[in-house]
Amino acid sequence: MEYHTDQRITEIRDLLKANPRGLSISDIADRLGTRRNIVSRDLKYLQRLGQVEMRSIGTSKVYTYTAKIPVSGILDLSSDMILVLDENHEIIEVNEPLIRMTRKGSEELIGKKIEDLTDPLLSPLRNLDYDADSVEQVTAWIPVADDPRAIRHFRVKHVPTIFEDTTRGSILYIEDISEQVRYRDALRLSEAHYKAIVEVQKELIFRTLPDGTIIFTNRMFREIFRGQEDFLGRSFGSFLPEGEWQRFLSGLALLTRDEPSTSLKTRIETSDGLRHYSFTIHAIWEEDGRLAAFQGIGRDITSELAAQKEMARYTQCLEFLYNKSQAFLESSSFADIFRNISTAIHDLVPSAVVMTFSFDSDAQILTLRSMLNERGEELRESLFNGQDFRIPIPPSLINGDGSLVKFTQGELRILDNQELDSLIGDETVTRVRKAIGERSVYGTLMISEDRLVGAVAIAVPRGSGIPERILVETVIRIGALSLEREISHESLSRSENRFRLIAETAPLPIAILSEKGAYLFLNQKFTEVFGYTLEDLPDGRRWFLQAFPEARDMQVARALWLEDLAKSRPGEIRPRQFTVRCKNGTFKSVIFRPVTLMDGTQLVVYEDVSEVEEAEKVRNLLAEIVRSSHDGIIGMTMTGRIQTWNPGAEGIYGYTARETIGKDISLIMPESLLHEKNMLLSRTAKGEFITGFETKRKRKDGRMIDVSVTISPIFDKNNGIIGTSTIVRDITARKAHERIQELESRYRDLVDTINVGVYRSTGDPAGRFIWGNTSLIRILGYNSLESIQEVPVAQFFIHVHGRDELLHELREKGFVRNRELLLKKADGLVAHVLVTALATFDECGDISYINGIIEDITDQRILARKLVSLEYAGKDPGLGPR
């Protein structure tokens with residue numbers, strides 16, 4: 001026995017509600033005792049009503065109950081505009097947001113077919129595809145309170161549906177996406193502005209996809225890789241040497257949304273060869289967390305690295321000298337000193353065989369003390385069988401006669417074969433050559449206090465030379481000082497004076513402090529640079545108070561000094577840079593290089609880098625001024641060859657720097673003015689400064705422009721003129737304005753003599769006279785143009801709306817001809833005038849100003865009234881004037 005259909009459907013709904021996980025058709029049929037085909041038909045009916053949902057699990061279909069909100073409920077809950085249509089596209093329901101947007105009542109919309117509507121929002125909906133789900137964008141002119149001409153953009157989603165009564169229809173969800181569209185357009189405009197800005201930057205700027213594919217480059221990028229085409233689409237890694245790209249990618253892989261930026265240094269293959277670059281990379285992320293792109297800015301640091309390398313080498317040399325000085329100070333015997341000399345020279349010239357000799361002043365003999373081969377092995381004992389190797393010294397060598405003078409000045413000099421044979425003999429030369437091979441021999445005497453204390457010989461492979469020659473000679477001099485100290489304790493005071501002499505003549509300030517911080521020595525350079533003497537600085541505490549007036553700066557400097565001192569070892573340099581106050585109140589940027597000596601004293605070498613930093617700032621400032629100047633700035637040789645060409649010059653003449661640098665300045669001169677080149681250069685060559693020289697020049701497109709040039713000679717450090725600097729200003733607009741003013745002046749002189757009022761006024765509702773001739777002043781009854789200009793034009797009209805009506809006609813036609821108006825004169829009388837006017841409009845379509853003429857017809861109108869009165873009087877005497 002079958003249940004009634006409505007009852008059966010109710011039972012199916014109740015079953016599904018009680019089993020939220022769902023039931024199959026067989027489950028429902030078994031529980032209701034009904035055939036499966038009947039249950040399947042009822043379920044399809046419930047699906048059309050939206051009360052049942054079906055999902056497939058394997059080969060089975062499982063049905064679950066769903067409580068969908070009725071259409072009326074959707075209308076009340078949604079903030080979007082909703083339009084409900086029946087299957088004939090007739091409007092059934094609308095919600096409040098749609099009523100507010102269309103400004104129509106629901107009774108004006110419900111019952112209307114969508115095809116019959118003319119509303120700017122609803123009329124485009126007739127073109128939707130109502131046979132399928134769809135999302136389309138609609139643009140409509142919808143008046144907005146603050147901008148009646150604004151365009152509104154809408155996204156329309158069409159959803160076919162079945163209503164509770166099983167009839168079919170459609171629901172249209174209309175979303176206002178105007179702000180989204182405006183944001184998208186603004187973003188595109190911002191991107192265009194961004195590209196225009198980065199195009200002129202001097203840094204290398206590019207953008208890549210996450211895999212390194214280039215999607216944008218600026219002009220500097222293209223110039224750096226000039227000669228290579230098709231940058232876009234290439235991998236950025238193709239510009240890097242082999243192996244660098246993977247390291248670069250490893251750095252990029254560390255970027256996150258919280259830390260999206262990093263700095264990476266790498267080498268790149270440019271058209272000028274392999275260069276070092278520092279890149280600042282910023283990762284760009286999508287809102288959904290996906291990596292979208294990398295933005296990169298590159299700066300060429302090749303010169304900077306070279307400078308750092310040179311500075312490192314300089315510091316390394318200082319450290320080497322400090323360390324070797326410490327080693328010499330620790331030497332306790334002659335053998336240690338000679339060994340340290342040989343070792344220090346061997347460290348500087350590893351391929352050399354180094355020999356050091358002592359000197360016996362009584363016997364005038366040099367004795368070999370150490371002989372190190374290129375492996376650092378001692379050869380003296382084995383080569384001479386444990387016997388001393390002695391060389392008698394001729395007086396000519398000691399006195400430095402003739403070509404031997406360099407020996408006595410501590411400079412290394414190469415010895416030829418004849419000199420070697422004469423000094424040590426053929427047999428010894430042969431034995432030494434057999435042991436060390438054919439080599440070039442450099443030698444010098446170690447002189448201390450004008451006294452010979454020893455000698456050094458350095459044998460290097462032929463053709464190699466001594467690369468660190470000055471440093472080697474310095475080591476030899478330090479070694480000579482150490483020998484002098486050992487020769488006699490009595491020479492200690494002379495050694496101290498010798499050190500002071502070196503320090504006093506040193507190009508850098510030097511100070512020595514005791515272990516307890518008391519200043520023991522300040523050289524003359526210290527006083528020259530800082531102004532302080534030993535009397536001003538009894539100890540380090542006073543130095544900190546004088547040099548660092550700000551308490552915080554003093555605390556920081558003192559803390560760093562103590563921290564470095566605690567961590568360092570004797571002989572280790574502790575460089576720091578501070579800004580210190582001099583005695584005269586000025587401040588200088590100084591690099592401190594303190595080192596602790598073996599006895600605990602502090603040797604501090606100071607380097608004043610203020611001028612270097614200031615010069616760098618000035619160079620950077622001048623370069624930025626030239627780069628950002630709107631005026632053209634051109635650097636030339638004295639023959640007129642272009643050497644520099646800034647962006648301002650590019651804008652004025654149309655040529656890029658690449659097109660002009662290296663070419664003659666006549667490139668931009670008209671043929672008729674080529675004689676100006678030699679004239680201007682000859683005046684500049686005499687040291688003359690040429691200012692405000694007005695002439696004409698030719699742009700790249702052939703157009704002639706008016707320019708004003710200022711030319712200055714460029715001097716070198718010897719006050720010689722090496723080139724010229726030209727500042728160019730485009731005065732074409734100014735010249736045109738001057739010509740217009742001249743023509744306007746002629747025009748005013750011409751119209752000032754006619755009997756008709758001629759004027760120019762503004763186009764705003766009140767209006768102001770900009771200019772008028774004498775006839776205008778006379779017609780309106782005023783004494784001067786200034787007195788007329790003080791009165792709004794609208795106040796001259798007798799009729800209240802006279803000015804508005806005139807402006808309306810001008811907006812419609814652009815001109816009026818012989819329009820009769822009544823104007824109020826200065827004395828309150830009425831003037832009858834005929835006005836002819838022509839409007840000039842701005843880019844927005846508004847009237848910017850009005851040119852016109854005024855003809856006074858007051859006498860004519862008075863005469864006409866009298867004639868009319870006479871005519872009436874002739875017909876009837878009683879009507880005539882009384």
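Let me start at one residue: Asp706 is buried, with a relative accessibility of 8%, where buried stands for under 20% relative accessible area, exposed for over 50%, and partly exposed for what lies in between, using a 1.4 Å probe and protein chains only. Before I go on, please keep in mind that this is a predicted model, in which local features need pLDDT of at least 70 and side-chain atom pairs count only at pLDDT 80 or more, while totals for chains, interfaces and linings use all residues. Residues are numbered from 1 along each chain as its sequence is written, and side-chain values use heavy atoms, with hydrogens and water left out.

Which side chain does Asp706 meet in a salt bridge? The partner is Lys696, at 2.8 Å from N to O, and a salt bridge here is a side-chain nitrogen of Lys or Arg within 4 Å of a carboxyl oxygen of Asp or Glu. In general, side chains of opposite charge can pair when their charged atoms come close. Asp706 belongs to strand E27 (residues 704-715) and Lys696 to strand E26 (residues 690-698), so the pair ties together parts that are 10 residues apart in sequence. When I say strand or helix, I mean DSSP runs numbered from the N terminus, with at least four residues for helices (H or I) and at least two for strands (E).

How many does a search of the whole structure find? The search finds 37. One of them joins the side chains of Asp42 and Arg8, at 2.4 Å from N to O. Asp42 sits in helix H3 (residues 36-48) and Arg8 in helix H1 (residues 5-18), so this pair ties together parts that are 34 residues apart in sequence. Asp42 counts as buried at 4% relative accessibility, and Arg8 counts as buried at 3%.

A further salt bridge brings together the side chains of Asp608 and Lys588, at 3.8 Å from N to O. Here Asp608 is in strand E23 (residues 602-608) and Lys588 in strand E22 (residues 587-596), so the parts tied together are 20 residues apart in sequence. Asp608 is partly exposed, with a relative accessible area of 28%. There is also a network of salt bridges, which links Glu805, Glu809, Lys813 and Arg819.

Next, a sheet. Five strands form an open sheet with antiparallel pairing, in the order E30-E29-E33-E32-E31. Its edge strands are E30 (769-772) and E31 (815-824), each of which pairs on one side only, and from one strand to the next the twist averages 30°. In general, strands of a sheet pair through backbone hydrogen bonds, either parallel or antiparallel. E31 pairs with strand E32 (residues 830-841) in the antiparallel sense over eight bridges, and the bridge partner of Leu822 in E32 is His832. Helix H29 (residues 802-813) lies across strand E29 (757-762), E31, E32 and strand E33 (847-856), and runs at about 175° to E31; such axes are lines fitted to C-alpha atoms, for helices over the stretch in contact (heavy atoms within 4.5 Å), and angles run from 0 to 180 degrees between N-to-C directions.

Let me turn to helix H17 (residues 469-487), whose 19 residues should span 27 Å at 1.5 Å a residue, which agrees with its end C-alpha atoms being 27 Å apart; the expected span is 1.5 Å times one less than the number of residues. Among the buried residues of H17 are Leu471, Val472, Glu473 and Val475. The C-alpha atom of Leu481 is separated by 8.9 Å from that of Glu449, although the two residues are 32 apart along the chain. Glu449 is found in the loop between strand E17 (439-448) and strand E18 (451-461), and Glu449 is partly exposed at 39%.

Finally, the cysteines. The structure holds zero disulfides, a disulfide being a pair of cysteine sulfur atoms within 2.5 Å. Cys317 is buried, with a relative accessible area of 15%, and Cys582 counts as buried at 2%.

Conventions: Two strands pair if DSSP finds at least two bridges between them.
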